[in-house]
Amino acid sequence: MAQDHGHPLAYRVHFAAIGWADRHGHAAFEPGRLAALLGKRLSDQSARNAVARANDLHLISPRSGAACLVLPPHLFQKAKGAPVPCRLHQDR
Ligand SMILES: [Zn+2]
């Protein structure tokens, strides 16, 4: 669904966050990977804009960036088991 161009781009960011989330709701991407995932010709800047738009709509946590999408706690409350390290968010 993250790659389905029938959905608005901000929602595709949301689907990417869900689809790639670890058990703590973090979805880490290598540089350029999120843009490539969302569309062949999407620039990194467009990907960052899409992340900002998804954030405005509360589809992802404000802690998100193109390198790691974080699901908001009201959408993702599992967070069970041992902490999974995140190279971006080191506070867990
Ligand atoms: Zn993270």
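**Fold and core of a predicted model**

Me: In what order do the elements run from the N terminus?
Reply: Starting at the N terminus of this predicted model, the elements of the protein follow the order α-β-α-α-β, and in total there are three helices and two strands.

Me: And how compact is the protein?
Reply: The protein has a radius of gyration of 12 Å, close to the 12 Å that the globule rule gives for 92 residues, so it is as compact as a globular protein of that length. Along its principal axes, the C-alpha trace spans about 40 × 25 × 20 Å.

Me: OK, on to the core: which residues touch the most other members?
Reply: The largest nonpolar core has 18 residues, and within it Val-13, Ala-17, Ala-47, Ile-60 and Leu-69 touch the most other members. The elements that contribute two or more residues to this core are helix 1 (9–20), helix 2 (33–38), helix 3 (44–56) and strand 2 (68–70).

Me: Which one gives the largest share?
Reply: That is helix 3, from which four residues of this core come.

Me: What is Leu-69 in contact with, leaving aside its neighbours within four places in sequence?
Reply: With those neighbours set aside, Leu-69 is in contact with Val-13, Ala-16, Ala-17, Ala-27, Ile-60 and Ser-64.

Definitions and conventions. Residues numbered from 1 in each chain as written. Predicted model: local features only at pLDDT ≥ 70, side-chain atom pairs only at ≥ 80, totals over all residues. Core = buried A, V, L, I, M, F, W, Y, C linked by C-beta atoms within 7 Å. Buried ≥ 20, exposed ≤ 12 C-beta atoms within 10 Å, placed from the backbone. Contact = placed C-beta atoms within 7 Å. Rg over C-alpha atoms; globule rule 2.2 N^0.38 Å.
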